[in-house]
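Work through the exercises below with the sequence and coordinates open. Each task is followed by its solution in steps.

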Amino acid sequence: MYTVRPVTAEELLGAAERLGGLLADTVDGGASVGFLAPLDPGAAADWWRALAPDVGAGRLLLWVAYPEPDAESDGGSGADAGSGSGAGRRIAGTVQLRPASTANGRHRAEVAKLMVHRADRGHGLAGRLLAALEAAAVGRGIRTLVLDTETDSPAERLYAAAGWTRVGTVPDFATDPAGAPRATTLYYKALPAADGAPGC
């Protein structure tokens, strides 16, 4: 069992080294998340620390998942945040939501850096992280989510199963961790309004 919960700026600083290890594992595993391999865990931790001001200001929302030693302590909460801070526990996964800052885009947000450690894959954790993010987005009045992911990557299957709509691909958008140019695929998802009315 895993607990999924949001993280404050202070908690992010305390978890930076563990998040850096997760990021390094993700990059070394071949995922295209903006870095080249091999990624030094110390540099990865510094990258996380640099996000703390945005998290503190609400410009970036961040969730983490960690293994729950007692399956009952999760309470079968699904994608809901678990109790407790998870301080010191190994971080198994994470995801970010960055709300748009423009006046005409406040109903929109970008999903980024959905990662699950290779040792924790196959348990539906990516789906739980995504579901927690989407529920929080609805609560904030966000009705449109967007993201991009490497074309033909395993992540595409996740987004298709979670009801995301494929928009199209951009060739040679970014390199993979080995430095080879790869296409990226753009997705969006319309969320229901907080009152239950359809999103737009």
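Helices (H or I, at least four residues) and strands (E, at least two) are DSSP runs, numbered from the N terminus. The model is predicted, so local features need pLDDT of at least 70 and side-chain atom pairs count only at pLDDT 80 or more, while totals for chains, interfaces and linings use all residues. Residues are numbered from 1 along each chain as its sequence is written, and side-chain values use heavy atoms, with hydrogens and water left out.

**Exercise 1. The largest pocket**

Determine which helices and strands each supply at least two residues of the lining of the largest pocket.

Step 1. A pocket is defined on a 1 Å grid over the protein atoms alone, as an open set of points where a 1.4 Å probe fits, with protein on both sides within 12 Å along at least five of seven lines; lining residues have an atom within 4 Å of a point.

Step 2. The elements that meet the condition are β4 (108-116), α5, β5 (144-150), α6 (154-161), β6 (165-175) and β7. Strand β4 gives the most, with seven residues.

Step 3. The space in the largest pocket comes to about 950 Å³, where grid points are joined across faces, edges and corners and the volume is the space filled by probe spheres set on the points. The lining has 38 residues, and those closest to the centre are Ala-31, Val-33, Leu-114, Thr-149 and Ala-155.

Step 4. By residue class, the lining divides into 19 nonpolar, twelve polar and seven charged. Here Ala, Val, Leu, Ile, Met, Phe, Trp, Tyr, Cys and Pro count as nonpolar, Asp, Glu, Lys and Arg as charged, and the others, Gly among them, as polar.

**Exercise 2. Salt bridges**

Find the network of salt bridges that links Glu-17, Asp-46 and Arg-49.

Step 1. A salt bridge is a side-chain nitrogen of Lys or Arg within 4 Å of a carboxyl oxygen of Asp or Glu. There are ten in the structure.

Step 2. Arg-49 bridges to Glu-17 at 3.7 Å, N to O. This pair links distant parts of the chain, 32 residues apart: Arg-49 is in helix α2 (residues 41-49) and Glu-17 in helix α1 (residues 9-28).

Step 3. Arg-49 also bridges to Asp-46, with the closest N and O atoms 2.7 Å apart. Both residues lie in helix α2, three residues apart, about one turn of the helix.

Step 4. For accessibility, buried means under 20% relative accessible area, exposed over 50%, and partly exposed in between (1.4 Å probe, protein chains only). Glu-17 is exposed at 60%, whereas Arg-49 at 30% and Asp-46 at 46% are partly exposed.

Step 5. For another pair, take Lys-189 and Glu-134, with closest N and O atoms 2.9 Å apart. Lys-189 lies in strand β7 (residues 181-190) and Glu-134 in helix α5 (residues 125-139), so this bridge ties together parts 55 residues apart in sequence. Both Lys-189 and Glu-134 are buried.

**Exercise 3. Strand β2**

Identify the strands that bridges join to β2.

Step 1. Two strands pair if DSSP finds at least two bridges between them.

Step 2. Strand β1 (residues 2-6) is joined to β2 by five bridges and runs antiparallel to it; Thr-3 stands opposite Tyr-66 in β2.

Step 3. Five bridges also join β2 to strand β3 (residues 93-99), again antiparallel, and Val-64 stands opposite Thr-94 in β3.

Step 4. Strand β2 (residues 61-67) is largely enclosed by the rest of the structure, because six of its seven residues are buried.
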